[in-house]
Amino acid sequence: MTKKITLSETGAMLLAAKKIVLVCHVSPDSDTLGSALGLMRKLEQFGKEIVILVDDDIGTEFNFLPGITRCIRPQSNKSIYADILAIIDASTFDRIGLAGEVVKAKITLNIDHHISNAQFVDYRYLDIEAAATGEIMCDLFETMNWKYDLEMATCFYAAISTDCGFFRYSNTTHKTMLRAAELLSAGVRPNEISDIIEMKSRSTIELLAKVLATLSFEYSGRVAYITIANDLYDKNIQTDSFVSYPRYINGVEVAIMFKAVEPEVTRVSLRSSNIDVSKIAIKFGGGGHLRAAGCTINAPVEEAKQQMFTALKEIL
Ligand code: AMP
Ligand code: MN
Ligand code: MN
């Protein structure tokens with residue numbers, strides 16, 4: 001049974017522990033990494049022993065996050081004992097990969113903002129109104145009267161700004177903006193962070209050119225999709241931004257990127273202007289938010305497309 005706790009209970013629980021393992025989700029983004037790194041820095045000021053686990057490669061684009069070199073990959077033969085396993089920005093147990101197996105903790109805690117959250121821990125703080133887990137971190141800091149230094153503020157600003165598309169998406173609220181303003185007061189320069197995050201490698205843009213050529217439509221233009229076939233897929237090339245191209249086309253309600261990460265495994269990113277795509281992702285064992293969700297379909301890319309279009313038929 002998962003017990004819902006308040007922010008002050010969350011803070012008190014962290015302060016009562018000696019050793020805490022913070023876990024980020026696989027395919028890590030600025031929100032999971034920034035939230036964990038900023039929290040680590042504060043908890044270390046209180047003398048806590050902190051380990052951060054990420055069961056995935058971490059792209060070089062995250063090198064600007066203070067403390068990023070502290071992220072380590074769990075190893076199957078190496079158990080880690082801790083007072084608390086705190087899962088940051090992940091809504092299901094399988095989103096943390098091997099970390100879920102190797103950490104032997106007295107308490108499991110989940111801090112998250114996904115509507116698809118599956119209540120898989122002992123204690124949970126979930127706020128689906130928060131634009132990012134980084135925004136929840138700011139709430140936690142305020143509740144606990146913890147102050148940010150520039151490094152913490154940088155981590156949380158990166159977390160918040162990326163998850164709300166630099167304050168453009170529908171999850172951006174009055175409070176999101178206020179939290180961002182507080183982080184600026186701590187010295188964050190938004191242009192510096194957005195310049196780093198928006199920067200793309202040449203190979204990303206070269207791949208984008210090929211992927212845009214696959215742009216196609218279904219359901220009279222209400223669905224637009226792009227495809228990264230397996231022979232084009234390269235795990236070292238960043239493609240997160242690609243799905244925004246089909247997303248911002250007149251008349252498109254659902255944008256999809258199909259990525260053949262293996263010949264028989266297709267990773268799907270869903271974006272929408274008005275439809276709850278988290279429901280579709282959940283059908284395929286994934287999850288996410290109302291307007292941004294994802295899942296993995298264990299099928300070749302063309303078969304995955306047909307499965308997805310069939311599922312969409314019921315909703316459109
Ligand atoms: P992406 O398309 O990978 O950028 O993911 C969009 C949103 O859906 C993010 O908030 C992810 O955390 C969430 N998401 C993506 N894939 C999954 C999954 N397999 N399970 C749960 N949530 C997911
Ligand atoms: Mn995330
Ligand atoms: Mn997030």
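Two strands count as paired if DSSP finds at least two bridges between them. The exercises below apply this to a predicted model.

**Exercise 1.** Determine how many bridges join β10 to β11, and which residue of β11 is the bridge partner of M257.

*Solution.* Begin with the ranges: β10 covers residues 254-262 and β11 covers residues 265-272. Eight bridges join the two strands, which run antiparallel. Within β11, S269 is the bridge partner of M257.

**Exercise 2.** Locate T239, decide whether T239 is buried or exposed, and describe its surroundings.

*Solution.* T239 belongs to the loop between β9 and α9 (244-247). The relative accessible area of T239 is 4%; the cut-off for buried is under 20%, so T239 is buried. Leaving aside residues up to four places away in sequence, T239 touches L207, I228, M257 and K259. With K259 there is also a polar contact, side chain to side chain, at 2.9 Å from T239. Finally, consider F258: T239 and F258 are 19 residues apart in sequence, and their C-alpha atoms are 11 Å apart in space.

Terms used. Residues numbered from 1 in each chain as written. Chains lettered and ligands numbered in written order. Predicted model: local features only at pLDDT ≥ 70, side-chain atom pairs only at ≥ 80, totals over all residues. Heavy atoms only, no water. Helix = DSSP H or I, 4+ residues; strand = E, 2+ residues; numbered from the N terminus. Buried < 20%, exposed > 50% of the residue type's maximum accessible area, 1.4 Å probe, protein only. Contact = heavy atoms within 4.5 Å. Polar contact = N/O pair within 3.5 Å; in protein donor to acceptor, adjacent residues only side chain to side chain.
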